[in-house]
Amino acid sequence: MKPLSAALLAFLFTALPATTHGAEPPPTTTGPLPGTAAKGTDPEIVGEEKAVLTPAPNVPPPIRRKHATKVVVKLEVIEVVKRMADGVDYLFWTFGGDVPGLFIRVREGDLVEFHLGNHPTSKMPHNIDLHAVTGPGGGATSSFTAPGHSSQFSFKALNPGLFVYHCATAPVGMHVANGMYGLILVEPKEGLPPVDKEFYVMQGDFYTKGKFGEEGLQPFDQQKAEDEKPSYVLFNGAVGSLVGDKALKANVGERVRLFVGNGGPNLTSSFHVIGEIFDHVYQEGGMKLLQENVQTTIVPAGGSAIVDFKLDVPGTFILVDHALFRAFNKGALGMLNVEGPQNLLVYSGKEVDATYLGDYALPGSADSRVAALQSDLKRVIAADPKIAAIGKDLFIEKGKRIYAQTCFACHQAEGQGISGVFPPLAKSDYLMADKARAIRGVINGQSGEIIVNGQKYNGVMPPVLLSDEQIAHVLTFVRNAWGNTGDIVTVEEVQKVHAESVNQ
Ligand SMILES: [Cu+2]
């Protein structure tokens with residue numbers, strides 16, 4: 001337990017401006033600071049080791065050690081511009097270069113010697129409050145670190161559990177909103193029950209000046225943060241961080257454990273995996289198994305949960321915050337791909353995920369002024385064949401990502417479709433024969449009998465909620481992938497078809 005006065009003190013302390021700042025070289029001495037009490041020797045601690053730290057979704061291996069040891073953790077804070085969504089960049093403040101921060105795994109009773117470095121290119125001082133620490137500020141008071149400096153402190157991991165760590169430098173909300181959080185697991189002495197695969201998933205809400213999907217480098221929006229109105233709610237720091245070829249992977253028959261964290265700073269997560277039931281839930285990341293057979297578990301801001309479940313059937317299982325607009329409109333969506341033999345006794349086999357994905361799309365962006373400039377730009381570009389070729393390649397690249405998010409659940413990764421259910425786009429005579437028809441199909445959806453490469457299909461493709469620009473991108477991609485060769489599908493062509501189908 002941290003006494004309030006101490007926490008307040010930590011806060012006030014970290015709110016002070018950095019006195020050691022700027023171009024000053026890092027301190028050369030590593031000796032104890034004046035006033036630091038000499039550390040007594042702990043008879044329980046045997047030996048020393050360097051912590052294995054992993055970026056999400058990876059988790060360090062289980063600890064097999066039967067005794068407590070000294071674990072040296074070296075974590076570096078670095079401020080980096082990274083992709084938040086297609087075409088959207090953000091200056092993240094990170095523990096270890098990634099959001100969430102690197103996963104730390106120690107054993108109950110270990111003495112953790114913590115080294116926090118702050119990269120010389122940082123603009124801000126930072127510190128760390130680990131909820132696993134018993135002591136004022138959870139380490140924050142001892143780890144306030146200016147750019148180009150490093151701090152050291154030690155703590156004994158007294159309580160087992162899955163704990164959040166985060167930066168607690170003022171303004172704390174902003175440091176956390178910029179991605180400064182991660183998880184530290186203090187494994188109980190006897191270890192956790194063995195499972196086949198473990199993954200690290202951490203949710204966070206993000207506040208950008210632009211709305212969801214608006215392109216460019218997006219600054220932090222203080223007002224939206226205060227209003228608790230995020231533009232993004234993300235798993236592992238980006239839209240699509242666990243989608244397509246980045247999806248979590250496991251096999252039928254395996255037991256999977258998810259270490260789920262929530263950095264906040266504001267929202268509580270209703271964590272759910274579509275199509276699975278959590279066999280076991282360690283609520284709030286505590287070590288007492290309190291619940292079994294749970295559909296959705298709450299993960300508070302600055303909190304965690306541990307869930308595990310056995311995989312009985314193959315398919316794609318979708319991880320969501322079940323506050324669903326966050327999942328389908330703000331990014332809180334990931335995937336677990338499970339391979340292996342069907343088990344028709346457990347599940348008959350009709351795809352559920354596809355319907356959910358049908359609605360999953362990035363909304364259009366660009367206000368009218370930007371749109372006008374872009375259309376001018378396009379006219380000039382179209383007039384130059386060399387630039388036009390680059391323009392087409394750009395459409396293909398952008399379209400590839402939209403395909404991975406919107407179409408691949410039905411038409412499959414290589415456009416091969418599923419025989420008799422979802423028609424192929426690869427080498428599709430139907431697709432290539434009529435450009436306007438393809439555009440119409442994507443805008444309005446399509447149903448009724450069609451013949452693709454000599455095979456009959458009679459299914460329903462729901463309309464996909466994409467902007468005209470995104471439709472142009474994705475159709476240019478599919479008409480130029482997997483053995484198809486076609487020309488560019490321009491935004492103007494899509495707009496024209498769109499206007500016609502509205503007027504009908
Ligand atoms: Cu910070």
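The site of the copper ion is irregular, with angles of 87 to 138° among its four donor atoms. This geometry belongs to a predicted model. For reference, the ideal angle for four tetrahedral donors is 109.5 degrees.

The protein supplies ND1 of His126, SG of Cys167, ND1 of His175 and SD of Met180 as donors, at 2.0 to 2.5 Å from the copper ion. Along the sequence, the donor residues follow the spacing H-x40-C-x7-H-x4-M. Two of these donor residues were examined for solvent accessibility. Cys167 has a relative accessible area of 0% and is therefore buried, and His175, at 1%, is likewise buried.

An open sheet of four strands was also identified, in which the strands are arranged in the order β4-β9-β8-β6 and the pairing is mixed. Its edges are formed by β4 (104-107) and β6 (129-130), each of which pairs on one side only. Strand β4 runs parallel to β9 (residues 181-187), and the two are joined by four bridges. Across this pair, Leu185 of β9 lies opposite Arg105. In general, the strands of a sheet pair through backbone hydrogen bonds, in either a parallel or an antiparallel manner.

Elsewhere in the model, helix α9 spans residues 435-444 and includes Lys435. The relative accessibility of Lys435 is 17%, so this residue counts as buried, the threshold being under 20%. When neighbours within four places in sequence are set aside, Lys435 is in contact with Arg479, Asp487, Ile488, Val489 and Glu493.

Note on methods. Residues are numbered from 1 along each chain as its sequence is written. This is a predicted model: local features need pLDDT of at least 70, side-chain atom pairs count only at pLDDT 80 or more; totals for chains, interfaces and linings use all residues. Side-chain values use heavy atoms; hydrogens and water are left out. Donors are N, O and S atoms within 2.8 Å of the metal (3.2 Å for Na, K and Ca); water is not among the atoms, so sites may look incomplete. Four donors count as tetrahedral if all angles lie between 85 and 135 degrees; four count as square planar and six as octahedral if opposite donors are over 155 degrees apart and all others between 65 and 115; anything else is irregular. Buried means under 20% relative accessible area, exposed over 50%, partly exposed in between (1.4 Å probe, protein chains only). Two strands pair if DSSP finds at least two bridges between them. Contact means heavy atoms within 4.5 Å.
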